[in-house]
Amino acid sequence: MQRELRLDGVGRRYGIRGPWVLRGIDLGVTPGTLVRVEGTNGSGKSTLLRLLAGIDAPTEGRVTGRPRTAYVPERFPPALPFTAAAYLTHLGTVHGLSRRAAARAAGQWLERLGVAAHASTPLARLSKGSSQKVAVAQALLAEPELLVLDEAWTGLDADARGELERAVAERTASGGAVVFVDHDPRRLADARGATYTVRDGALHRRTEHLGVPDGPRVVVRVQGPPGDVLPAGALRIAAAEEDRPGSYSLTVPASHSDVLLRTLLTAGTRWHVVSVHAQEGPR
Ligand SMILES: Nc1ncnc2c1ncn2[C@@H]1O[C@H](COP(=O)(O)OP(=O)(O)OP(=O)(O)O)[C@@H](O)[C@H]1O
């Protein structure tokens with residue numbers, strides 16, 4: 001993602017005389033950031049996410065700087081005459097992948113989300129949970145610059161929920177942005193990012209960090225050449241402390257630890273991983 005996606009003075013209402021659901025929204029989504037959107041039922045969270053995803057247009061105001069975007073809607077349209085694999089392959093080509101690359105990415109995501117056994121099942125015959133996995137796969141397969149997730153964890157089993165959290169870490173570590181709504185306040189609660197609350201049609205920035213930081217974390221200690229800068233992707237997902245010149249402790253939510261390790265081990269500079277340990281309980 002090269003630049004900021006901006007909403008300036010954005011308002012949305014449904015119907016000419018409908019009440020304003022959102023009004024005067026100014027928001028910048030910068031590359032590599034994670035944004036949680038909160039609010040009570042009916043406050044306008046999904047409306048905001050549809051505007052950010054570009055599948056709905058504002059009634060007033062401007063949206064600029066749109067990156068390559070993918071979206072998991074609150075309700076996935078399932079009754080299309082495709083199998084899961086054919087649908088994902090088709091969408092991959094729509095996103096600009098070659099047919100071969102799209103089929104490969106479709107297979108990989110069905111595998112990662114634990115639904116590969118249903119690759120040949122028509123969408124209309126998938127269970128609710130499997131259908132949600134296909135909804136998640138369609139958004140992830142083309143590695144979007146902006147990923148918009150509306151209750152995307154709902155209906156997923158524990159393994160798939162973990163896989164989606166990892167995918168979020170991958171997207172942010174590689175410079176993409178992720179905007180999400182989730183009814184569980186613990187979702188990605190430890191991850192670095194910003195929280196906004198939708199209230200009375202306006203957007204209020206709540207805190208620098210998401211939610212209540214009480215989830216399991218992992219501390220990775222690394223050593224590199226003194227004076228070398230940690231990879232940007234690592235700094236997007238981890239809190240870093242320099243213990244000595246060139247020696248850092250990086251703290252991440254447990255769900256992000258393997259993405260952090262991969263980011264460090266594939267960086268240009270050779271970072272030596274000294275230790276990896278779990279940090280439990282309140283800090
Ligand atoms: N397509 C639509 N046509 C008419 N009104 C709509 C439409 N979509 C949303 N609304 C209305 O806009 C308001 C905000 O809805 P929205 O779905 O954005 O809220 P939400 O915060 O996501 O709610 P929830 O937490 O229940 O999912 C509600 O009053 C809703 O009825």
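**Group meeting: sheets, helices and a ligand shell**

Hi everyone, let's start with a sheet: 4 strands form an open sheet in the order 11-12-10-13, and the pairing is antiparallel. Strands here are DSSP runs of E with at least two residues, helices are runs of H or I with at least four residues, and both are numbered from the N terminus. Two strands pair if DSSP finds at least two bridges between them. Before going on, a word on the source: this is a predicted model, where local features need pLDDT of at least 70, side-chain atom pairs count only at pLDDT 80 or more, and totals for chains, interfaces and linings use all residues. Residues are numbered from 1 along each chain as its sequence is written.

For angles, axes are lines fitted to C-alpha atoms, for helices over the stretch in contact, and the values run from 0 to 180 degrees between N-to-C directions. Strand 10 (residues 217-223) pairs with strand 13 in the antiparallel sense over 7 bridges, and Arg221 stands opposite Ser275 in strand 13.

Now pick out Ala278, which has its place in strand 13 (residues 272-279). Is Ala278 buried or exposed? Ala278 is exposed, with 10 other C-beta atoms within 10 Å. The cut-offs: with C-beta atoms placed from the backbone, a residue is buried if 20 or more other C-beta atoms lie within 10 Å of its own, exposed if 12 or fewer, and partly exposed in between. Leaving aside neighbours within four places in sequence, Ala278 is in contact with Pro216, Val218 and Ala254; contact means that the C-beta atoms of two residues, placed from the backbone, lie within 7 Å. The C-alpha atoms of Ala278 and Thr251 are separated by 9.5 Å, and these residues are 27 apart along the chain.

Next, a helix on this sheet. Helix 7 lies across strand 10, strand 12 (247-253) and strand 13, and runs at about 15 degrees to strand 10. Helix 7 (residues 257-265) also meets helix 5 (residues 158-173): their axes come within 8 Å and cross at roughly 35 degrees. Which residues make the contact? From helix 5 we have Arg166, Ala169, Glu170 and Ala173, and from helix 7 Asp258, Val259 and Thr263. By class, that contact of helix 5 with helix 7 has 3 nonpolar, 1 polar and 3 charged residues. Here Ala, Val, Leu, Ile, Met, Phe, Trp, Tyr, Cys and Pro count as nonpolar, Asp, Glu, Lys and Arg as charged, and the others, Gly among them, as polar.

On to the ligand. Surrounding the ligand are Tyr14, Val21, Gly39, Asn41, Gly42, Ser43, Gly44, Lys45, Ser46 and Thr47, where a residue is near a molecule or strand if its C-beta atom, placed from the backbone, lies within 6 Å of it. The shell around the ligand has 2 nonpolar, 7 polar and 1 charged residues by class. Helix 1 (residues 45-53) gives the most to this shell, with 3 residues. Helix 1 is largely enclosed by the rest of the structure, because 8 of its 9 residues are buried. Just after helix 1, Gly54 takes a positive phi of about 80 degrees.

Strand 3 (residues 34-38) is mostly covered too, with 4 of its 5 residues buried. Strand 3 runs parallel to strand 7 (residues 177-181), joined by 3 bridges, with Val35 opposite Val179 in strand 7. Strand 3 also runs parallel to strand 8 (residues 192-199), joined by 4 bridges, and there Val37 stands opposite Tyr196.

Last, two backbone angles. Most residues other than glycine have a negative phi. Leu188, in the loop between strand 7 and strand 8, has a positive phi near 55 degrees. Asp200, in the loop between strand 8 and strand 9 (202-209), has a positive phi near 50 degrees. Leu188 counts as buried, with 25 C-beta neighbours inside 10 Å, whereas Asp200 counts as exposed, with 11.

Thanks, everyone!
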